[in-house]
Each structure stands twice: as C-alpha cells, then as structure tokens.
Amino acid sequence: MTLLYSLDLLGTAAFAASGALAGIRREMDIFGVLVLGLVTATGGGTLRDLLLGDTPPFILQNETYLYLSITVSLTVFIFHRHLEFLKHPLTYFDAVGLGTFVVIGTGKALDFRVGFIGSVMMGVMTATAGGMIRDVLSNRVPLVLRKEVYASACLAGGALLWLLHQTSLPRAWSLLASASTVIILRLLAIRFNWSLPRARYIKH
Amino acid sequence: MTLLYSLDLLGTAAFAASGALAGIRREMDIFGVLVLGLVTATGGGTLRDLLLGDTPPFILQNETYLYLSITVSLTVFIFHRHLEFLKHPLTYFDAVGLGTFVVIGTGKALDFRVGFIGSVMMGVMTATAGGMIRDVLSNRVPLVLRKEVYASACLAGGALLWLLHQTSLPRAWSLLASASTVIILRLLAIRFNWSLPRARYIKH
Amino acid sequence: MTLLYSLDLLGTAAFAASGALAGIRREMDIFGVLVLGLVTATGGGTLRDLLLGDTPPFILQNETYLYLSITVSLTVFIFHRHLEFLKHPLTYFDAVGLGTFVVIGTGKALDFRVGFIGSVMMGVMTATAGGMIRDVLSNRVPLVLRKEVYASACLAGGALLWLLHQTSLPRAWSLLASASTVIILRLLAIRFNWSLPRARYIKH
C-alpha cells in the first residue's frame, strides 16, 4: 500500500529528527546524534521483528529506512540552529509516525497469528520502544513512562485495528481508520494537554 | 508439569507486583507502571527465548503471562496504598519466582543442547534480566549488580540442575530440587542479610 | 582463519577487562563485575547475531568466549589493585579488539547478503554495542556517543571491508587490511587526542 509506505517514511523521518535533537540537547558528538536518530526511528520496529522472529529485521531488508534516518540525523546535526521553523510541523509529522507505526506493528503481529493482547503490545512497542531506547541512552527515565498520553493513543489504535480485523472491512480501510484514530487522539492530547493518572507515592 | 506451571504463574505475579511498585515509587503514570510490571515479570524469559531462537517468545505463545502481569500491575497501581499487608508474603512469592524462573531457563537451554556455562547463564538471565530492565528504565544501576546474593542463589540452582541433568534422576525431581535450592538460599540471604564481596575501588 | 580467531580472543579478553574495571569503579559486587565484563566483551556480537537471525548466538555455540570473559572478569575483580602495569598494553589490546570485532561483524553481515549500510552498521555495532550496554548498566550516557573517534574508526574499517569485498582480493587480505585500518586509526586518535565535532546546543 503506497499511502501507508509514504506515511511510514514520513514518520521515520520525524522520529529520526526527534532522536537527533535529543542527542544535540545532550551535547553528544556527531556519532551520538546519528545513533540516537537511528534508534528512535527504527528501534521499535526492529525489536518487533526480533520478537516475531522475522529476521533480519525490516531495516536490513529495505535499507531505505537506514539511509533516510541517517540523512535526517546528519541534516539536523548540521542545521539544527536554522530548523526552528520546523518545530511546529514536526509535532504533526511525529503524530503521523505514531499512528502509522502502531498499525504497521499490530497489523504485522496479526499476520503472524499473535493473539489480541500480544498484537496490541506489538503495535504500541513499534511506536514507543525507539523513543524509550533514545531516553535510556540519554540516561533518562523514558518520557513515555512518565507523562504522556502518547501510549494510550497507541493502545486505542491497536485495539481498534484488532477489532476491525475481525470484521469483513478491507484491510486498507482498517489500517487507515486505526492510524487516524491514533493521530487525532495524539493531537487532541497535545492541544488540550491531557495526561494519564499518575501514582502518588506515599512512603509508609 | 502442573506444579511448575503454577509456581511460574505465582512468580510472574510477584515479579509484576515488584515492577509495578518500582514504577509507583518513581511516580510514573499508569502506562509506566504497566510497562515496568510487564518487563520485570516477562523480560528475562523473553530475552532467553530470543537468544535460544525460540520465536515468537513464550509471552506471545501463551498470553496468560501478559494478562496476569497486566492485571497485577493495574491492581497494584490502583490499590497500592492498601496493599501494605502483602509486603511480607511478597518476599516469599518473589523467592518462589526466582527459583522457578532459574530452573525453567536452565532447563529450556539444556533442551536446546546449550553447554554448561551457557545453560546456567540462561537460567540466571531468565530470573534477573527483567529486574535489570526495570532498573534501567527507572534510570538506576540494576540492584542485582550492586548488593544482592540474588544472583548467586540463581547460579547455584542453575549449576545444580545441570549436574542433576547428567544423572538418571527424573526431570521433575531435578527441577524441584534445584528450584528449592534457589528459594531456600534466597530466603536465608534475606534472613541473615548476606551479601557478596564488593570491589573497593581505590583511585591510583 | 587462525590469526583472526586469536585476535578475536585477545579483543574479547581486553573488552572483558575494560567492562570489569567499569564495574569495580562503580563499586559493584562480584556478580556485577562479572556481568559488566561479559556484556562488554560479548554484547555487541550477540546483538549482531540476534539481528541477523543466527541463533543461538556465537557465545552459545562456542562457549570459549564465555569462559574467557568470566576468567578475565574474575581475575580483574580479585587482582585489580595489582594490575596497574597492564593499563598501557590494555589500550593496544582494546584497539585490536575494536578492529577485529568490526571486520567479523561486517564480514558476517556480508555473508548474510546484507547491503552496504547495513553491513557497516553490523560491524560498528559488533564493536561498540557491548560498551554501550556496559555504560547503560552503569547508569551513564554511553561514552562512545559523547566523545570518541572510536566509532569513526569502526565506520571507516567497515566501509573499507565492504569495498574490498567487491574486488577479487582474497578474503583474508581484506579482513586484515580493514582490521589494521581500524586499529591504526584508533591508536592515532588516542595519540593525537582526536575527537568528533560535537553539537553546541543553544536553547532558543
């Protein structure tokens, strides 16, 4: 499906940019910025392929993802002081990546005959694990574990795709509906500053 | 073996609870608490299956482990202020999990014809890697690397299982003897506050 | 190839020693020092084998690497105060390990018909991922991401091997030439204190 592939590449570029920016913020050298861009953009899907036993993972089967992530990361490294105007659109591209990654992950798990909860987990992981590895390599608690609706939007989209998969709806429609749900939820969350309940820890 | 499976589920629940509690202590949101419960309970076994090439890993083959970990994590998230009475029994359940995970890991490696040191390593990893991932995601040096006999108990149990595997003892007996060894060593270590020698670092 | 295997073992020992020393510096206990030695020496190659789908990974197929890493780590743990005289040679052994790991990684990826950028990445990963895991477990931002030419030397060596692989040069010569390139670049970098450009982050 050409549309899904285009959205996938757009999302990959957005995730690579966010990873590279995190590396720049941590004052890493050019190699560090490259690694952070790469893992943010491709880490989730790679982990998914390892778990599904589909090796070598997608990045080694179609090197477009690697070339794209590297190009974006290097561009951000060199021009980051002049990319301020991209900050706003990046939020939208990032949401598009989130939605696309979820449906690709959940969809692939369904193809591998994984059950409901496992498929949803594969979708959420495809979309969030790269960012978690980025944060771990930056020596931080992953942002997604602390204060983001990021993950709930993914959960909702993965569950919806599983549901639609049980119906006779054409695959392309299911994928688009689920991806759109994630994207819209994500943008609403940013717009209205939603966040998940957090545990208040009281030392006994 | 039904007994081993029951102990395995008990251990999974105990590990999920300890992971969820770590998430609460770090003031994570509900998704973070869920992820920490999940990786603590299932991360070690998943890594073992990846290394043995047995994909998809056990969590995707029998989703009971995922449902159990998620249920326990959510319960801990909601009721953690009222679960103080579980603190003491949790220590025992945790030890049971440790012993069970070691023998399942080492036993599976032996089935895959892995050698002595590799099999012991797979057992120790099954029991400890989930907790290490939990600590890495919490931005801490893994506790097990710093001050626990946790790991030695696992090493002893894994080595014992390998040894018994060379004899004509029925499998079930070997598994039970080895798991019990780990559990007893672990509880003795807690009771008498044992700890491993630590390197005293002197800057030259 | 016996020479390559010897260099591989020498590099494994050097990486295990550097990992064990990191554990000692962080005042870990004997198990922590062992784990850090093991992951530093074998983590990169293990990750490479997982990605290439060659499971169980090399460490479980030839346990020499495990026994060697464990022996070195324990020796460093016990005698670290008397090993000062090894500090200087360790730099050279470490460079040898770097070069050997890169060509083994890139070479194996080429055997698995991975493309150019993927093969170079597998080489760099084989040489650097173990150290990254060591630093993550020590709760630090991986050194290689911040201020080392470490990685560029690996990139150059991996790319050279890919290039030579396209010619009719005998495999053994290609491997030796590429490994030597990495080793010499690495030693020059240490000698002349080279480092990669770093992003200067200016908060807007």
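Predicted model: local features only at pLDDT ≥ 70, side-chain atom pairs only at ≥ 80, totals over all residues.

Me: Why is B:Glu27 called partly exposed?

Reply: B:Glu27 has 15 C-beta neighbours inside 10 Å. A residue is buried at 20 or more and exposed at 12 or fewer, so B:Glu27, with its 15, counts as partly exposed.

Me: What makes the phi of B:Glu27 worth a remark?

Reply: Phi is positive there, at about 55 degrees, although B:Glu27 is not a glycine. Most residues other than glycine have a negative phi.

Me: Where is C:Arg113 found, and why is it called exposed?

Reply: C:Arg113 belongs to the loop between helix 5 (87-111) and helix 6 of chain C. It has 10 C-beta neighbours inside 10 Å, and the limit for an exposed residue is 12 or fewer; therefore C:Arg113 counts as exposed. Its phi is also positive, near 60 degrees, in a residue other than glycine.

Me: What is the geometry of the peptide bond from B:Thr55 to B:Pro56?

Reply: That bond is cis, with omega near -10 degrees. B:Pro56 is placed in the loop between helix 2 and helix 3 (58-61) of chain B. In chain C, a cis peptide bond joins C:Thr55 and C:Pro56, with omega about -10 degrees. Most peptide bonds are trans.

Me: How do you know whether C:Gly32 is buried or exposed?

Reply: C:Gly32 has 30 other C-beta atoms within 10 Å. The threshold for a buried residue is 20 or more, so C:Gly32 is buried. C:Gly32 is part of helix 2 of chain C. Leaving aside neighbours within four places in sequence, its contacts are B:Leu145, B:Arg146 and C:Gly23.

Me: Why does A:Asp8 count as buried?

Reply: A:Asp8 has 21 C-beta neighbours inside 10 Å; the definition asks for 20 or more, and A:Asp8 therefore counts as buried. It lies in helix 1 (residues 2-25) of chain A. Apart from neighbours within four places in sequence, A:Asp8 is in contact with A:Thr100 and A:Ile104.

Me: How do you know that the span of helix 7 of chain A is close to the expected one?

Reply: Helix 7 (residues 150-165) has 16 residues and reaches 23 Å from its first C-alpha to its last, against 22 Å expected at 1.5 Å a residue. Its buried residues include A:Tyr150, A:Cys154 and A:Trp162. Among the elements that cover these buried residues are helix 5 (87-111), helix 6 (116-137) and helix 8 (171-192) of chain A, and helix 2 of chain B.

Me: Which residues touch the most other members of the largest nonpolar core?

Reply: That core has 207 residues, and the residues touching the most other members are A:Ala20, A:Cys154, B:Ala20, B:Cys154, C:Ala20 and C:Cys154. Not counting residues up to four places away in sequence, B:Ala20 touches several residues, including B:Val33, B:Leu36, B:Val72 and B:Phe77.

Me: What makes the relation between chain A and chain B that of a three-fold axis?

Reply: A rotation of 120 degrees, with 0.0 Å of shift along its axis, superposes chain B on chain A at an RMSD of 0.0 Å. The two copies are thus related as by a three-fold rotation axis. In chain B, the C-alpha nearest the axis is that of B:Asn139, 3.7 Å from it.

Me: How far may the model be trusted, as judged by its scores?

Reply: The model scores ipTM 0.90 and pTM 0.93. The mean pLDDT of chain A is 91, and 96% of its residues reach 70 or more.

Notes: Residues numbered from 1 in each chain as written. Chains lettered and ligands numbered in written order. pLDDT = per-residue confidence, 0-100. Least-squares fit on C-alpha atoms with pLDDT ≥ 70 in both. Helix = DSSP H or I, 4+ residues; strand = E, 2+ residues; numbered from the N terminus. Contact = placed C-beta atoms within 7 Å. Core = buried A, V, L, I, M, F, W, Y, C linked by C-beta atoms within 7 Å. Expected span 1.5 Å × (residues − 1).
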